[in-house]
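Welcome, and thanks for taking a look at this structure with us. Please keep the sequence and the 3D view open while you read the briefing below.

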Amino acid sequence: MADKRDYYEVLGVSKSASADEIKRAYRKMAKKYHPDVNKEAGAEEKFKEVQEAYDVLSDDNKKAAYDRYGHAAFDQTGGFGGAGGFSGFGGFEDVDLGDIFGSFFGGGQRQRRNGPTRGEDRFIQLEIDFMDAIKGKKTEIKINFDEQCSHCNGTGAKSPNDVQTCSRCGGTGTIRTQQRSPFGTFVNQTTCPDCQGTGKVVKEKCPHCHGQGYMNKKITVELNIPAGINTHQQLRVQGKGHRGSHGGANGDLYVEIYVKPHQHFVRDGRNIQITIPISAVDATLGCEVDVPTVYGDVTLKVPEGTQPGTTFRLKGKGVKDLRGDSYGDQFVKVEVKIPTKLSRDEKELYTKLRKSMKKESIFDQFKKGFRR
């Protein structure tokens with residue numbers, strides 16, 4: 001037990017954390033280390049560690065036992081051992097560890113093993129085009145899916161009569177063994193190897209799923225990508241996650257979206273930014289340009305004397321709000337382009353323009369500020 005990390009440390013919460021804080025921390029850590037998402041070495045072990053920590057801290061009885069005894073509360077072979085261990089239970093000749101820990105956990109674990117258990121959620125990533133994120137679209141993805149067998153309803157048996165009580169454990173799902181010690185006789189419980197703790201065995205397997213209770217198949221899942229979705233946001237598809245056990249429902253599928261960058265548009269929350277080039281002549285004299293937006297071209301009036309880096313706003317030409325019908329804005333930054341090559345006629349015109357200007361140039365006016 002010395003190698004186990006503190007459960008609160010695993011989830012990154014304090015001992016005073018509320019149930020909601022623990023749940024949020026679990027979801028964050030589970031997504032980070034889930035094997036379907038994180039392929040790094042050791043991620044699967046960390047995911048199991050997160051699952052174990054949440055299993056304890058999300059249950060009020062387990063949490064109370066852990067807060068009092070630490071990891072020893074769940075170590076049936078060595079917990080509370082050593083000299084004086086079990087002094088709190090003095091006077092018992094036969095101590096049933098299963099009953100003791102069952103009182104902590106609200107009735108023991110056999111009931112949970114026997115009953116239907118919901119499958120874990122599944123996480124995948126999907127990359128979409130920039131414009132699809134702006135306008136939304138319907139698309140399809142293909143996934144491998146463990147679908148509950150419709151013939152046996154997940155039992156793995158040919159008929160309901162083929163599901164029988166395990167003769168080895170008598171339907172308890174556990175095997176009880178006794179061990180004598182100086183402190184009395186201890187009763188230890190282990191999972192029944194015949195029924196794997198379910199308390200049931202299948203006499204004749206379902207011919208359709210071969211006793212698995214499910215059938216793995218490649219299915220097509222339809223996704224409705226809403227307009228305005230952004231990178232790292234998720235879509236939830238109910239019932240398309242990992243399979244449940246003992247007839248339990250499948251978990252859910254979470255699709256995390258990644259939006260490809262656009263060549264010209266840059267998204268900033270609900271706003272969109274774009275930089276457009278204009279000539280020095282157009283910036284000086286003013287002009288009208290058809291500016292690209294995600295919804296089509298919009299005519300923008302550039303006033304005379306516009307300086308490089310000036311930004312204009314196109315109201316309502318940004319990203320749609322996921323929770324409503326409002327839109328962000330598009331901001332248009334002007335980049336004044338100076339020609340690097342001139343024709344003979346252009347050079348003559350620029351020369352005449354310079355001669356016609358005042359003797360004091362713009363640079364001369366700037367240089368005046370350095371004179372003392």
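Let us start with a group of rings: Y7, Y8 and Y66 form one aromatic cluster. Keep in mind as you explore that this is a predicted model. From the cluster, the briefing moves to other rings, then to a histidine, a sheet and the protein as a whole.

**Aromatic pairs**

- Searching the whole structure turns up six aromatic pairs.
- A pair of aromatic rings is described by the distance of the centres and the angle of the planes.
- One of the pairs is Y8 with Y66: the ring centres are 6.1 Å apart and the planes are at 40°, so this pair is tilted.
- Y8 belongs to helix 1 (residues 7-11) and Y66 to helix 4 (residues 60-69), so to speak two distant parts of the chain, 58 residues apart, are linked by this pair.
- Both Y8 and Y66 are buried.
- F123 and Y254 make another pair, with ring centres 5.4 Å apart and planes at 20°, so this one counts as stacked.
- Because F123 sits in strand 2 (residues 122-128) and Y254 in strand 10 (residues 253-259), the pair ties together parts 131 residues apart in sequence.
- F123 has a relative accessible area of 8%, so it is buried.
- Y254 is buried as well, with a relative accessible area of 10%.

**Charges over rings**

- If you turn to F145, you will find K240 lying over the face of its ring, 4.8 Å from the ring centre.
- At Y214, the charged end of R243 sits over the ring, at 3.8 Å from the centre.

**A histidine in a loop**

- H34 is found in the loop between helix 2 (19-33) and helix 3 (43-57).
- Is H34 buried or exposed? With a relative accessible area of 3%, H34 is buried.
- Which residues does H34 touch, leaving aside its neighbours within four places in sequence? They are F47, E120, D121, F123 and H242.
- F123 in that list is the residue whose ring is stacked with Y254.

- Four strands form an open sheet in the order 11-12-16-15, and their pairing is mixed.
- At its edges are strand 11 (266-268) and strand 15 (311-314), each of which pairs on one side only.
- On average, neighbouring strands of this sheet are turned by 30° against each other, with direction ignored.
- Strand 15 and strand 16 (residues 330-337) run antiparallel and are joined by four bridges.
- Among the bridge partners, R313 goes with F331 of strand 16, and L314 goes with Q330 of strand 16.

**The protein as a whole**

- The protein contains 10 helices and 16 strands.
- Of its 372 residues, 35% count as buried.
- How much of the contacts with a separation of 6 or more comes from residues 24 or more positions apart? The share in this protein is 64%.
- The accessible surface of the protein comes to about 24100 Å², and 47% of that belongs to carbon and sulfur atoms.

Conventions: Residues numbered from 1 in each chain as written. Predicted model: local features only at pLDDT ≥ 70, side-chain atom pairs only at ≥ 80, totals over all residues. Heavy atoms only, no water. Pairing = 2+ DSSP bridges. Axes fitted to C-alpha atoms, helices over the stretch in contact; angles between N-to-C directions. Buried < 20%, exposed > 50% of the residue type's maximum accessible area, 1.4 Å probe, protein only. Contact = heavy atoms within 4.5 Å. Areas by Shrake-Rupley, 256 points an atom, 1.4 Å probe, with all protein chains shown as cover. Phe/Tyr/Trp six-rings, centres within 6.5 Å; stacked < 30°, edge-to-face > 60°. Lys NZ or Arg CZ within 6 Å of the ring centre and 35° of its normal.
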